[in-house]
Each structure stands twice: as structure tokens, then as C-alpha cells.
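Please open the structure in a viewer and follow the stops below in order. Each stop names a selection and describes what is found there.

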Amino acid sequence: MTTTATVNSQTATTALCAVRPQVPVDRLVTDLVPPRHFANARFSTYRANPAHPSQGRALARLTEIAAEITAPRRGLFARRKAAPAVYLDGGFGVGKTHLLTSLAHAVGEALGAGAAAYGTFVEYTNLVGALGFLPTVEALATKKLVCIDEFELDDAGDTTIMSRLMRELADRGVALAATSNTLPDALGEGRFAAQDFQREIKALSDRFETLRVDGPDYRHREVVTDSEPLTEAEVVAAADRPGGTLDAFDDLLAHLATVHPSRYGALLDGVSVVALTGVHPVTAQEVALRLVVLVDRLYDRDVPVLLGGSADTRGLFTEEMLAGGYRKKYYRALSRLGALAEEGRKLL
């Protein structure tokens with residue numbers, strides 16, 4: 001197998017394995033913004049499908065919520081009702097993330113940068129892991145709105161942490177908004193469902209308003225975009241460009257174990273493409289879950305990938321993983337990685 005050191009001796013390309021991100025604590029919070037992938041998402045650019053009226057209703061209600069969050073108080077001692085809390089319940093590809101990022105943008109544009117925090121469920125649990133629970137509460141309590149995309153129920157401990165975090169923030173007057181993704185093959189059978197969310201957040205359930213967002217996947221694609229591996233020569237050649245990185249897959253997996261997941265975003269600063277040689281199926285779950293987080297950060301930043309080795313994207317995780325409790329995470333990662341790999345092919 002080609003090693004990172006050997007590969008890098010042939011090109012001027014940087015290796016992610018050589019990057020040790022030193023991230024100030026305040027950046028971990030300031031980085032909680034809508035991803036680059038949705039930088040232009042606004043309420044005005046959301047195209048509600050008239051065949052599914054719930055989309056238009058969700059759009060109208062979130063527009064009202066944005067106005068409520070940003071409305072000035074009418075006097076020093078004016079009473080203010082509890083901050084809004086909303087959960088967008090719907091399937092895969094119906095525009096929930098577009099709506100959620102539009103809400104964050106609306107609040108930020110009205111009240112200034114930093115008024116809204118936006119992150120995935122995993123990013124918030126990683127933040128708690130990096131800062132501690134109470135410092136995380138104090139940091140997020142300065143926000144007017146906290147958005148949580150892809151709320152997950154597959155880890156009881158993390159769900160308990162997030163439920164407690166949301167309760168603390170709601171008690172301090174912070175508005176909350178959350179979504180979750182459901183795989184296409186789960187629609188009509190094992191969908192995430194509002195009642196599951198409400199059951200798990202317990203004490204907060206009566207504060208959340210549920211907005212259904214129905215409809216087909218607007219992307220009209222399968223959950224996994226299959227992408228065949230490239231030759232190692234193709235990977236090495238295409239990676240040799242400004243901002244390109246080149247690593248042996250095993251080296252990168254080992255490096256990820258030494259970097260806190262909350263810093264994976266910083267690991268990608270200035271990166272234009274990530275190239276990997278020796279890609280093969282991942283069999284250890286803790287390794288696979290770290291890879292999932294990296295893929296999410298790559299997708300957030302629209303960073304193409306180049307994959308060389310023995311495994312296509314569909315075969316990256318084992319059948320046991322894809323049938324287990326973390327299946328949503330793995331299928332999401334495969335979908336995103338396949339799309340990024342197809343963007344990488346365009347660089348050849």
C-alpha cells in the first residue's frame with residue numbers, strides 16, 4: 001500500500017495527516033453556522049411543491065417564527081412569551097434543511113452575525129465533549145436561535161445530553177429548531193416521526209411545535225450514489241493542485257483518532273479536494289463513525305473527494321453496520337461521499 005510519505009514525496013500536495021488543528025474555544029462556537037452547501041438558502045428561494053400543501057404551510061410558519069424571534073421588545077418590563085421551538089418532521093429530500101438554514105439566515109441577517117447557531121446533532125454533542133456541558137450552555141445561551149439539523153435517536157446517551165441542553169437553552173429564552181432525516185426506504189414504515197422525537201425529549205415535548213413537510217425526494221435519486229474507485233495514479237495526479245490533499249486511507253483513519261471530532265472542520269481549512277489511496281472496507285465501528293463525521297464536514301464544505309483502492313462507496317461499510325443501530329448515519333455518509341466522489345471525477 002502506498003504510504004502518505006511516499007505519495008507526498010512525489011507531489012507538493014499537503015497531507016491531512018500532517019495537519020494538527022489548534023482551534024480556539026471560541027471558534028468551536030463561531031463555526032456553528034449554516035454550511036457552505038446552503039449558503040444561498042433563503043425563504044424566498046424555497047420552492048414549495050403545490051401538490052404537497054404542508055411544504056407551503058411550513059414555509060409560512062417558519063417565516064412567522066423568524067419575525068417573532070427578531071421582533072424588538074416593547075419596553076424594559078414587557079412580558080415576552082416563551083421562545084418558539086419547532087420540529088420539522090418529514091422524509092428525505094423534502095427541503096427541511098433548506099427551511100432550517102433559511103430560518104438561521106433570516107435571524108442572522110436581522111440581528112447580526114452570531115445571533116443564530118446552526119449545527120448538526122453530532123456537532124453539538126461534539127461541542128459538549130470538547131467544552132463540557134455547562135460551558136456549552138453558557139456559550140449557546142447568548143444566541144437568539146439554536147438550529148439542530150439531523151437530530152438522531154440512535155445513541156441514548158447523546159440524546160439525553162441534547163435533551164438536557166435544549167431544556168437549559170429554552171429556559172433561558174433561546175428559540176430552538178430541529179430536523180431529522182429519514183431514509184427513502186423508511187417512508188411509510190419506520191419514519192422518524194414526531195412522536196419519537198417528543199418521547200425522547202420528554203420535559204421539552206410540550207414546548208415544541210411540529211411542522212410536517214411531506215413530499216417526494218426532490219433530488220429523485222437513491223439513498224446511495226455509487227462511485228467506482230479510481231486508479232491510484234489518477235488519484236495522485238488529480239490531487240496535485242492548490243488546496244489538494246493526499247493521504248493513504250489507513251493513515252487518515254489513524255489520524256482521525258488523534259483529532260477531536262469537533263475539530264474535523266478545521267482540519268479542512270483551505271482544502272479544495274481530498275484524495276485518498278488504498279481505500280478499503282471499514283470493519284471497526286468506532287473507526288467508521290469517525291469517518292462519518294469527516295464525510296459530513298466534507299459535504300458541508302462542498303469538498304470533492306478522490307477515492308483510489310479496492311472499495312467503491314457502496315462497499316465502504318459492512319452489511320452488519322448498514323443493518324445496525326447506526327444505519328442512518330452510514331447511509332447518509334454513503335450518499336454524501338458518493339456525491340462528493342462524483343464531483344471529484346470531474347477533476348480528472
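**Stop 1: Confidence**

Begin by selecting residues 1-12 of this predicted model. Over this stretch pLDDT stays under 50, and the model gives residues 1-12 23 contacts beyond four places in sequence. Next, select residues 220-224, where the pLDDT is likewise below 50. Beyond near neighbours in sequence, residues 220-224 have 10 contacts in the model. For the protein as a whole, the mean pLDDT is 85, with 83% of residues at 70 or more.

**Stop 2: The whole chain**

Now display the entire protein as a cartoon. The secondary structure amounts to 14 helices and eight strands. There are 348 residues, of which 52% count as buried. Among contacts between residues at least 6 apart in sequence, 85% join residues at least 24 apart.

**Stop 3: The five-stranded sheet**

Select the strands β1 to β5. In what order do the five strands lie in the sheet? The order is β2-β3-β4-β1-β5, in an open sheet with parallel pairing. At the edges stand β2 (116-120) and β5 (209-213); each has a single partner strand, so one side of each is left without a neighbour in the sheet. From one strand to the next, the twist averages 15°.

Within this sheet, turn to β3 (residues 145-149) and β4 (residues 175-179), which pair in the parallel sense over four bridges.

**Stop 4: Two residues in helices**

Stay with helix α3 and select A67, which lies in it. Is A67 buried, exposed or partly exposed? A67 counts as partly exposed, because its relative accessibility is 45%. Select L103 as well: A67 and L103 are 36 residues apart in sequence, while their C-alpha atoms are 9.7 Å apart in space.

Next, select H98 in helix α4 (residues 96-111). With a relative accessible area of 17%, H98 is buried, since buried means under 20%. Leaving aside residues up to four places away in sequence, H98 touches F38, A41, R42, T45 and Y46.

**Stop 5: Helices α5 and α7**

Select helix α5 (residues 121-131) together with helix α7 (residues 156-171). The axes of α5 and α7 are 10 Å apart, and the two helices pack at an angle of about 85°. This angle makes α5 roughly perpendicular to α7. Show the side chains where the helices meet: F121, Y124, T125 and V128 come from α5, and D158, T159, I161 and M162 from α7. By class, this contact has five nonpolar, two polar and one charged residues.

**Stop 6: The three-stranded sheet**

Move on to the strands β6, β7 and β8. These three strands form an open sheet in the order β6-β7-β8, and the pairing is parallel. Why is one side of β6 (244-248) and of β8 (305-309) left without a neighbour in the sheet? Both strands stand at the edges, each with a single partner strand, so one side of each has no neighbour there. Direction ignored, neighbouring strands of this sheet are turned by 15° against each other on average.

Zoom in on β6 and β7 (residues 273-279), which pair in the parallel sense over five bridges. T245 stands opposite V274 in β7.

Helix α9 (residues 232-239) lies across β6, β7 and β8 and runs at about 150° to β8. Helix α10 (residues 249-256) lies across β6 and β7, running at about 95° to β6.

**Stop 7: Helices α10 and α12**

Finally, keep α10 in view and select helix α12 (residues 285-300). The axes of α10 and α12 come within 10 Å and cross at roughly 90°. The two helices are therefore roughly perpendicular to each other. On the α10 side of the contact, select F249, L252, L253 and L256; they meet V287, R290, L291 and L294 in α12. By class, the contact of α10 with α12 has seven nonpolar, no polar and one charged residues.

Key:
Residues numbered from 1 in each chain as written. Predicted model: local features only at pLDDT ≥ 70, side-chain atom pairs only at ≥ 80, totals over all residues. Heavy atoms only, no water. pLDDT = per-residue confidence, 0-100. Contact = heavy atoms within 4.5 Å. Pairing = 2+ DSSP bridges. Axes fitted to C-alpha atoms, helices over the stretch in contact; angles between N-to-C directions. Parallel < 35°, antiparallel > 145°, perpendicular 65-115°, else oblique. Nonpolar A, V, L, I, M, F, W, Y, C, P; charged D, E, K, R; others polar. Buried < 20%, exposed > 50% of the residue type's maximum accessible area, 1.4 Å probe, protein only.
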